[in-house]
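The sequence and the structure are shown first, and the description follows.

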Amino acid sequence: MYTMQSWTCFFQFICSMQSVCHCCDWIQHHYGHLSSEYLSLLDQMGGDITEQDAPVFFPTSLYRHIDDAGFEDQVRFRNETIYQITKLFDGNMKAVTWDKKNLDDFLNILERQLENLKSCVSPAKKPERRLKRYSKELNRKVLRKMNYSAQAWELIRKETRRHLQRLDIFKAKIH
């Protein structure tokens, strides 16, 4: 005989599995298209990507670590990465000379990706701290230190592109 509690647990399990299935389906069928669209917009919104290196090291070891993680951790990492990127682009952009429409479209697609990825992860687990620290360092050592100059924003665009390209490589490994 099943109790009300066992049925409740069963339905929670089914809902959780449907959410994971929806997430898998969304990542498989929509993420890649939107990803290529925002990478294209990122390239089109300004001139050539700067050759200058940012004074903050790209967290390559973090990506290597997450490569071996489980599906939910990988999706959570993708979600947190896009969230941190959107936070960076929420600063003083007066010096930016980028195409405004492309910039707006880029940010809108990032927001769309973020909303869809948010529905795929449990809010109970904490995000990756090293990624948050890295973003704070970019904000402090690039944007603030360079007084939100056009050159600072070009470095942010370059680092953003590196992250988004790395997430694409990472996406290929999820399926």
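Asn-147 is exposed, with a relative accessible area of 63%. The residue is found in the loop between α5 and α6, and its phi is near 55°, a positive value in a residue other than glycine. Tyr-148 belongs to the loop between α5 and α6 as well; its phi is also positive, at about 55°, although it is not a glycine. Most residues other than glycine have a negative phi. The coordinates discussed here and below come from a predicted model.

**Overall architecture and confidence**

The protein chain has six helices and zero strands. From the N terminus on, its elements run α-α-α-α-α-α. Of the 175 residues of the chain, 39% count as buried. Among contacts with a separation of 6 or more, 87% join residues 24 or more positions apart.

The average pLDDT of the chain is 81, and 81% of the residues score at least 70. Confidence is highest in helix α5 (residues 129–144), at a mean of 93, and lowest in helix α1 (residues 4–44), at a mean of 62. Over residues 1–20 the pLDDT is below 50, and this stretch has three contacts in the model beyond near neighbours in sequence. Where pLDDT is low, the predicted coordinates should not be read in detail.

Helix α6 (residues 150–174) contains His-163. With a relative accessible area of 4%, His-163 falls under the 20% limit and is therefore buried. Its side chain makes a polar contact with the side chain of Tyr-63, at 2.6 Å. Leaving out residues up to four places away in sequence, His-163 touches Phe-58, Pro-59, Tyr-63, Thr-81, Ile-85, Leu-131 and Tyr-134.

His-163 is also one of the residues that line the largest cavity. The model has one cavity of 30 Å³ or more, and about 50 Å³ of space lies in the largest cavity. Its lining includes Thr-81, Gln-84, Ile-85 and Leu-88, together with Leu-131, Tyr-134, Ser-135 and Leu-138, and also Glu-159 and Thr-160. The elements that give two or more residues to this lining are α3 (71–88), α5 and α6. By residue type, the lining divides into five nonpolar, five polar and one charged.

Leu-143 is placed in helix α5. At 1% relative accessibility it lies under the 20% limit, so Leu-143 counts as buried. Apart from residues up to four places away in sequence, Leu-143 touches Leu-88, Leu-138, Tyr-148, Ala-152, Trp-153 and Ile-156.

Tyr-31 lies in helix α1. Its relative accessibility is 0%, and Tyr-31 counts as buried.

Asn-102 is located in helix α4 (residues 100–118). Its relative accessible area of 14% is under 20%, and Asn-102 is therefore buried. Leaving aside neighbours within four places in sequence, Asn-102 is in contact with Leu-41, Gln-44 and Met-45. Of these partners, Leu-41 and Gln-44 fall within the residue range of helix α1.

Ser-122 is found in the loop between α4 and α5. Its relative accessibility is 29%; because this value lies between 20% and 50%, Ser-122 counts as partly exposed. Ser-122 touches Glu-72 and Arg-76, not counting residues up to four places away in sequence.

Three residue pairs bring together separated positions of the chain, as listed below with their C-alpha distances.

| Residue pair | Separation in sequence | C-alpha to C-alpha distance |
|---|---|---|
| Tyr-31 and Arg-112 | 81 residues | 9.8 Å |
| Leu-143 and Met-93 | 50 residues | 9.7 Å |
| Ser-122 and Asp-73 | 49 residues | 9.8 Å |

Technical notes: Residues numbered from 1 in each chain as written. Predicted model: local features only at pLDDT ≥ 70, side-chain atom pairs only at ≥ 80, totals over all residues. Heavy atoms only, no water. Helix = DSSP H or I, 4+ residues; strand = E, 2+ residues; numbered from the N terminus. Buried < 20%, exposed > 50% of the residue type's maximum accessible area, 1.4 Å probe, protein only. Polar contact = N/O pair within 3.5 Å; in protein donor to acceptor, adjacent residues only side chain to side chain. Contact = heavy atoms within 4.5 Å. pLDDT = per-residue confidence, 0-100. 1 Å grid on protein atoms, 1.4 Å probe; cavity = no way out; pocket = protein on both sides within 12 Å on 5 of 7 lines; lining within 4 Å. Points joined across faces, edges and corners; volume = space filled by probe spheres on them. Nonpolar A, V, L, I, M, F, W, Y, C, P; charged D, E, K, R; others polar.
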